[in-house]
Amino acid sequence: SYTISNIKDAYGIPTDYQASHPDTTQMVWGPGTFGYSKAKLEAHKIAEAPLINMDKIQFWTENHGTPGGDNFGEGQLDVDMISSFGLNVTTLVANTNTSASTEETTGFGAALLNFLTDLSSREEVPHVLSMSLGSLSSASCNLLCSEAAKTGIALTDCQAYISEQRQVCMYLSDDQTARINTALQVLGARGVTVMGSSGDGGSHFSFGPFQGSGDDAA
């Protein structure tokens with residue numbers, strides 16, 4: 001079954017393996033409603049990872065998220081998992097932008113860029129940065145619509161359509177993603193291990209019906 005102990009066993013990680021240096025830090029980040037519940041983390045600790053040190057988990061920002069939000073659920077999973085595997089590591093939970101646009105549309109790319117450029121310029125950076133949120137790249141979104149245009153669908157209709165689909169295309173341009181990549185490279189050069197979780201490809205189940213012009217519009 002998919003439990004913390006079974007996952008650790010599969011990777012050959014001792015269940016009681018813990019950090020010993022007091023300055024070791026790890027961070028999770030997300031915008032919008034991103035956050036976590038201490039009560040739910042405590043329940044996770046009791047059920048799955050009794051060695052989680054609750055005193056080592058803290059918010060890095062004034063924004064603590066909004067319970068019930070989609071990103072809040074993501075934040076809870078992120079904190080549960082990183083604190084379970086990085087036992088006794090100081091865990092920082094960051095939410096740097098609570099705008100609704102950061103959770104579903106292109107506000108996300110701007111929030112991510114601002115966060116990464118700010119973090120990379122700070123005197124102290126975490127040893128690990130883990131993120132589970134994202135979307136198709138701007139290049140992928142451009143390719144999607146350019147290919148759709150070849151079938152007779154108006155390019156502007158396709159672009160308008162994907163901009164309204166939840167968590168599908170959340171970056172403004174290739175230039176923006178290039179700047180994000182540069183900021184990640186700076187963090188890497190400073191010794192930060194950046195981990196991007198792979199998963200279900202976002203909320204692509206939310207694709208609604210397309211109504212546009214062109215021979216193949218449906």
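Predicted model: local features only at pLDDT ≥ 70, side-chain atom pairs only at ≥ 80, totals over all residues.

Visitor: What makes β4 and β5 a pair?

Guide: Two strands count as paired if there are at least two bridges between them. Strand β4, residues 128–131, and β5 have 4 bridges, in the parallel sense, so they pass that test.

Visitor: Where do they sit in the sheet?

Guide: The sheet is open, has 5 strands and runs in the order β2-β3-β1-β4-β5, with parallel pairing.

Visitor: Why are β2 and β5 said to stand at the edges?

Guide: β2 (57–59) and β5 (193–196) each have a single partner strand, so one side of each has no neighbour in the sheet. From one strand to the next, the twist averages 20 degrees.

Visitor: Which helices lie across the sheet strands?

Guide: Among them is α3, residues 70–85, which lies across β1 (25–29), β2, β3 (90–94) and β4, at about 165 degrees to β1. Another is α5, residues 107–120, which lies across β1, β3 and β4 and runs at about 160 degrees to β1.

Visitor: What makes α6 oblique to α7?

Guide: Here the axes of α6 (residues 138–149) and α7 (residues 155–163) cross at roughly 140 degrees and come within 9 Å. Roughly antiparallel would take an angle over 145, so α6 is oblique to α7. This crossing of α6 and α7 is right-handed. The residues in contact include Cys-141 and Leu-144 of α6, and Cys-158 and Ile-162 of α7. By class, the contact of α6 with α7 has 8 nonpolar, 2 polar and no charged residues.

Visitor: How do you know that Ile-180 is buried?

Guide: Buried means a relative accessible area under 20%. Ile-180 has 5%, so the word applies. This residue is in helix α8, residues 174–189. Leaving aside neighbours within four places in sequence, Ile-180 is in contact with Gly-109, Leu-112, Leu-113, Leu-116 and Tyr-171. Ile-180 and Asp-118 are 62 residues apart in sequence, and 11 Å apart from C-alpha to C-alpha.

Visitor: Why is Asn-88 called partly exposed?

Guide: Asn-88 has a relative accessible area of 21%. Buried would need a value under 20% and exposed one over 50%, so the label in between is used. Asn-88 is in the loop between α3 and β3.

Visitor: What is said about the phi of Asn-88?

Guide: Most residues other than glycine have a negative phi. Asn-88, though not a glycine, has a positive phi near 65 degrees. Gln-167 isn't a glycine either, and has a positive phi of about 60 degrees. Gln-167 is in the loop between α7 and α8.

Visitor: Is Gln-167 buried or exposed?

Guide: Its relative accessible area is 7%, so Gln-167 is buried.

Technical notes: Residues numbered from 1 in each chain as written. Heavy atoms only, no water. Helix = DSSP H or I, 4+ residues; strand = E, 2+ residues; numbered from the N terminus. Axes fitted to C-alpha atoms, helices over the stretch in contact; angles between N-to-C directions. Contact = heavy atoms within 4.5 Å. Buried < 20%, exposed > 50% of the residue type's maximum accessible area, 1.4 Å probe, protein only. Parallel < 35°, antiparallel > 145°, perpendicular 65-115°, else oblique. Left-handed = near helix turned anticlockwise from the far one by under 90°. Nonpolar A, V, L, I, M, F, W, Y, C, P; charged D, E, K, R; others polar.
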